[in-house]
Amino acid sequence: MGSLPVTESSFVGRRREITQVSRALSRARLVTLTGVGGVGKTRLALEVAARSERVFRDGVYVVDLAALRDGTLVAGTVADTLGIQDRSGRPPEEQLARYLADRALLIVLDNCEHLSQACALFVETMLRRVPGLRILATSRQTLGVPGEHVLVVPPLSVPDPDRLPPTAALMRREAVRLLVDRATTGTPGFAVTQENRHAVAALCARLEGIPLAIELAAARLASLSIEQVVSRLEDRLALLTGGNAAALPRQQTLRGTIDWSHALCTPQERRLWARLSVFAGGFDLDAAESVCVDADLGGEEILDLVDGLVKQSIIMRAEGKGSVRYRMLETIRDYGRERLAEQGEMDRLSGRHRDHFLGLVERMNAGWSGPGQVAALARLRTDHDNLRAALEWCMRDPTGPEPALALTAALRYHWCVGGYVTEGRWWLERALGLSGEPSPARTSALWVAAWTAVNLGDHRAAGRCLGECERLAEQQHDEVSQAYVRTMRGLDAMYQGRVSEAIGHLEEAIAAHQRLGEANGILLSMVVQARSYSNVGDTVRCKALAERTLALSDELGERCWRAYALWAYGLEVWAEGDTERADDLARRGLSIQWEFNDAVGASLTIELLAWIAESRHELVRAARLLGAAGVIWRSIGASAGFRSPQTSELHDRCVRRVRHVLGEARCRAARHEAERNCTTVEQAIAYALNDCRPQPSGG
């Protein structure tokens with residue numbers, strides 16, 4: 001359980017430091033690893049985290065903050081890493097603290113230095129409110145939080161070139177072992193020999209045992225001898241100090257090594273290095289070609305140039321699901337950004353980066369009501385850091401607020417279906433706050449902002465957004481936005497229990513979306529309308545709408561709204577007494593919600609399975625299912641907002657009956673059994689579908 005990344009290379013040395021950090025974590029709740037860039041803070045933290053998994057019963061999670069530029073998103077980023085979808089509307093820190101309150105886990109906060117104040121506030125809050133939490137931070141500076149245990153990560157041990165031990169003993173020096181390990185990746189026959197051991201020792205000593213510097217130098221052994229690497233590197237480093245090696249600080253050593261690697265790249269490789277630095281968190285080949293190509297850098301060159309930068313350890317290859325992505329270490333990326341700024345290309349490339357992802361999102365939206373929904377959301381999750389970087393650029397765009405409004409509105413499914421509703425609302429509010437001038441982009445952003453507000457239970461804010469959107473849409477003759485205003489008013493009214501009002505809005509919405517050929521609007525409106533009919537006990541109309549939704553969903557190959565239609569249909573079939581068919585419908589819907597990692601939909605469906613189980617006298621199973629649903633409700637903090645009066649009554653009735661028959665002690669035991677197996681939404685769904693087996697009649 002946790003989020004430990006798969007490491008791409010072997011871990012070398014650091015036995016003493018591993019022991020020190022592990023001991024410190026056993027005594028202190030906050031341990032911060034500091035040291036110069038490239039010294040291996042992250043790699044050491046990951047190794048300690050991997051060895052600590054058995055110690056923390058609720059998991060070990062790694063949160064990389066390198067790509068984050070706004071400290072207000074620290075808590076949300078941590079929650080996202082832990083798989084928490086916040087639907088409560090409360091501050092992320094508060095929701096996170098509630099979720100973690102009785103858990104024992106380790107969080108690695110990696111790359112805190114550029115957000116040190118925000119990280120310090122977050123850490124202090126979490127440690128105060130979550131007794132079972134321990135935090136291992138990496139930062140070039142301490143966080144300054146009371147109780148912080150600071151460990152300075154030293155360079156790797158290096159040999160003394162003037163007092164060389166035998167070759168076998170030389171290999172016991174950590175820097176030498178790292179050099180050999182990394183060199184053999186590109187030069188399989190490389191080894192320390194009697195002939196080259198002086199050059200090996202000189203290189204490791206000259207680089208002062210800094211792992212990143214050694215890895216960059218090792219990449220050169222594919223084309224240069226060890227003696228040539230030493231000679232060329234010494235010339236580069238001597239320029240930094242006027243030839244006085246004793247005056248060479250470690251950070252300058254690393255800088256000199258990167259300078260040297262940069263100088264050895266071809267002009268086109270250097271140009272691509274700088275341009276790739278606009279990506280945050282990683283990129284694929286298509287993105288690199290889209291953003292980086294121009295008259296100076298041809299598209300046909302990109303693949304070979306990327307391959308060259310990989311071989312030189314400038315960028316790293318990371319295997320994804322069915323695709324290959326690439327990433328840069330933050331030190332390398334920062335260097336590239338400096339070069340990009342020096343060349344006067346930062347604004348142009350940042351704009352191209354933004355345009356690439358805006359185009360990507362708009363293409364996904366155009367095909368949303370088809371078979372690619374799951375893949376689209378997965379792609380957006382993978383590029384979440386890039387989307388944040390693009391949004392940040394939009395907020396500073398001197399041309400005006402239109403790009404920010406366009407991108408925040410275009411990301412509506414990422415926000416409202418993909419599980420980022422709280423962050424989405426934050427970005428939408430920022431974009432809408434840039435200017436109050438009417439525009440088509442503002443009109444679209446307003447109804448999307450209303451959707452996020454409804455999902456968070458802020459009905460007053462939703463009403464304000466919809467009121468302005470309705471006025472602007474009428475002035476601009478924007479029929480699509482007018483139709484979505486009706487949909488959102490219906491959704492808002494339904495959640496507040498004003499069912500007759502909701503039905504009226506949704507009838508208008510369905511007609512408008514049909515006239516416009518707006519398939520997603522039709523499906524969303526029909527799902528909400530079906531639920532509204534269910535809330536007033538109109539089984540015939542509810543089933544008819546659910547059947548229409550399922551038929552249209554089948555025709556389009558859509559799955560998102562299909563899951564909700566299956567839930568609504570299953571609820572009515574169960575009410576009619578067909579528990580076997582209702583159970584099948586609910587399970588089919590829950591399987592789809594697993595694909596989307598849909599916390600709200602999964603909670604509703606698992607509760608429906610609990611009601612079905614109780615009506616079949618499978619009381620222990622019903623109690624466990626209620627426990628699994630409860631875990632999700634508490635994690636997203638939104639049960640009251642997403643239960644209608646009808647479903648609230650069904651929930652309460654089920655709880656009363658199960659408690660009456662089983663008794664409080666057996667109910668509590670069943671609930672605890674579910675909670676032990678359900679930490680995340682995915683685990684709760686898997687538990688409901690597979691692990692929570694039907695029980696014999698009577699429990």
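**Close-up views of a predicted model**

**View 1. Loop residue H617.** H617 is partly exposed, with a relative accessible area of 48% (buried means under 20% relative accessible area, exposed over 50%, partly exposed in between; 1.4 Å probe, protein chains only). The loop that holds H617 runs between α30 (599-615) and α31 (619-636); helices (H or I, at least four residues) and strands (E, at least two) are DSSP runs, numbered from the N terminus. H617 is not a glycine, yet its phi is positive, near 65 degrees. Most residues other than glycine have a negative phi.

This is a predicted model in which local features need pLDDT of at least 70 and side-chain atom pairs count only at pLDDT 80 or more, while totals for chains, interfaces and linings use all residues. Residues are numbered from 1 along each chain as its sequence is written, and side-chain values use heavy atoms, with hydrogens and water left out.

**View 2. R14 ahead of α1.** R14 is found in the segment before α1 (15-27). R14 counts as buried because its relative accessibility is 3%. Its phi is also positive, about 65 degrees, although R14 is not a glycine.

**View 3. Q593 in helix α29.** Helix α29 (residues 579-596) contains Q593, which counts as buried at 1% relative accessibility. Beyond its neighbours within four places in sequence, Q593 is in contact (heavy atoms within 4.5 Å) with A563, D598, G601, A602, T605 and I685.

**View 4. L276 in the largest nonpolar core.** This core has 221 residues, and L109, L276 and W561 have the most contacts inside it. A nonpolar core is a set of buried Ala, Val, Leu, Ile, Met, Phe, Trp, Tyr and Cys residues joined through side-chain atoms within 4.5 Å. Leaving aside neighbours within four places in sequence, L276 contacts F283, A288, C292, L309, I315 and M328.
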